[in-house]
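User: I'm new to this one. Can you walk me through its side-chain contacts?

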Amino acid sequence: ILLNPNEVSGEIFSSSPTQDGKQVTIGQQSGVGTTVFIPAKTPLYLEGDGTLSMEDLCIGRQVRILLAPDIFSPLTAKVVYVEPEKREGTVNSIGAGNLTLVNQSEPIAVPATATILDLRGNKHEAILFNEIKVGDKLICLGLTACSPGSGFTGYIILITAP
């Protein structure tokens, strides 16, 4: 747990919906933690990329929550940042809106809003999903779905080598 006067960081260990948002406990498995209320209209972001929804906040997520400085009880989120998970490997197959990597057992869903960057050579440019080829080496940053068996979504795709 990292608790500053205006920030709480760590893993979500409990989460329960409320009438007007969600209450989460950030902390350690031992049960020691900090409870934070996240109002329904709180901006939620994937660290380094775009917006997320309240459904993306589930047990096991690593988060950094900036607290509303004028609300002391309950501690209330002003902004929530979710740390992305990483998958990397060589593209084995490409389908409609998804791809599989040689060393990953799950397909990676790539939404139309994903940021795809070609980092090979000196290019460093944004490209389209259909420009990814079998054999490309990728780093995918995203999130595993909160519901078991629903897969991984890659919000940031980095092509590192052909």
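Analyst: Here is a short tour of the disulfide, the aromatic pair and the salt bridges. Keep in mind that this is a predicted model.

User: Disulfides to begin with. How many does a search of the whole structure find?

Analyst: One. C58 and C146 form it, with their sulfur atoms 2.1 Å apart.

User: Where do C58 and C146 lie?

Analyst: Both are in loops. C58 is in the loop between β5 (44-46) and β6 (62-67). C146 is in the loop between β13 (137-144) and β14 (152-161). The two are 88 residues apart in sequence, so the bond ties together parts of the chain with that separation.

User: Which handedness does the disulfide of C58 and C146 have, and why?

Analyst: It is left-handed, because the torsion about the S-S bond is about -85°.

User: Is C58 buried or exposed? And what about C146?

Analyst: C58 is buried, at a relative accessible area of 14%. C146 is partly exposed, at 30%.

User: And C140, how far is the nearest cysteine sulfur?

Analyst: 19 Å away, and that sulfur belongs to C146. C140 is in no disulfide. C140 is also buried, with a relative accessible area of 0%.

User: Switching topic. How many aromatic pairs does the structure hold?

Analyst: One. Y45 and Y81 make up this pair, and it is stacked. The ring centres are 5.7 Å apart, with 25° between the planes.

User: Why does that count as stacked?

Analyst: Planes under 30 degrees apart count as stacked, and the planes of Y45 and Y81 are at 25°.

User: Which strands hold Y45 and Y81?

Analyst: Y45 sits in strand β5 and Y81 in strand β7 (residues 77-82). They are 36 residues apart, and the pair links distant parts of the chain.

User: How accessible is Y45? And Y81?

Analyst: Y45 is partly exposed, with a relative accessible area of 28%. Y81 counts as partly exposed too, at 21% relative accessibility. Buried would need a value under 20%.

User: Now charges. How many salt bridges are there?

Analyst: The count comes to eight. One of them joins R64 and E7, at 3.9 Å from N to O.

User: Is R64 buried or partly exposed? E7 too, please.

Analyst: R64 counts as partly exposed, at 25% relative accessibility. E7 is buried, with a relative accessible area of 16%.

User: What does R87 pair with?

Analyst: E106, in a salt bridge of 2.9 Å from N to O. R87 is in strand β8 (residues 85-95), and E106 is in the loop between β9 (98-101) and β10 (108-109). They are 19 residues apart. R87 and E106 are buried.

User: And R120, which residue does it bridge to?

Analyst: D136, with the closest N and O atoms 3.2 Å apart. R120 is in the loop between β11 (115-118) and β12 (125-126). D136 is in the loop between β12 and β13, 16 residues apart from R120. Both R120 and D136 are buried.

User: Last one. Which residues do shared partners join into one network?

Analyst: R61, E85, R87 and E106. Salt bridges that share partners join them.

Conventions:
Residues numbered from 1 in each chain as written. Predicted model: local features only at pLDDT ≥ 70, side-chain atom pairs only at ≥ 80, totals over all residues. Heavy atoms only, no water. Disulfide = S-S within 2.5 Å. Helix = DSSP H or I, 4+ residues; strand = E, 2+ residues; numbered from the N terminus. Buried < 20%, exposed > 50% of the residue type's maximum accessible area, 1.4 Å probe, protein only. Phe/Tyr/Trp six-rings, centres within 6.5 Å; stacked < 30°, edge-to-face > 60°. Salt bridge = Lys/Arg side-chain N within 4 Å of Asp/Glu carboxyl O.
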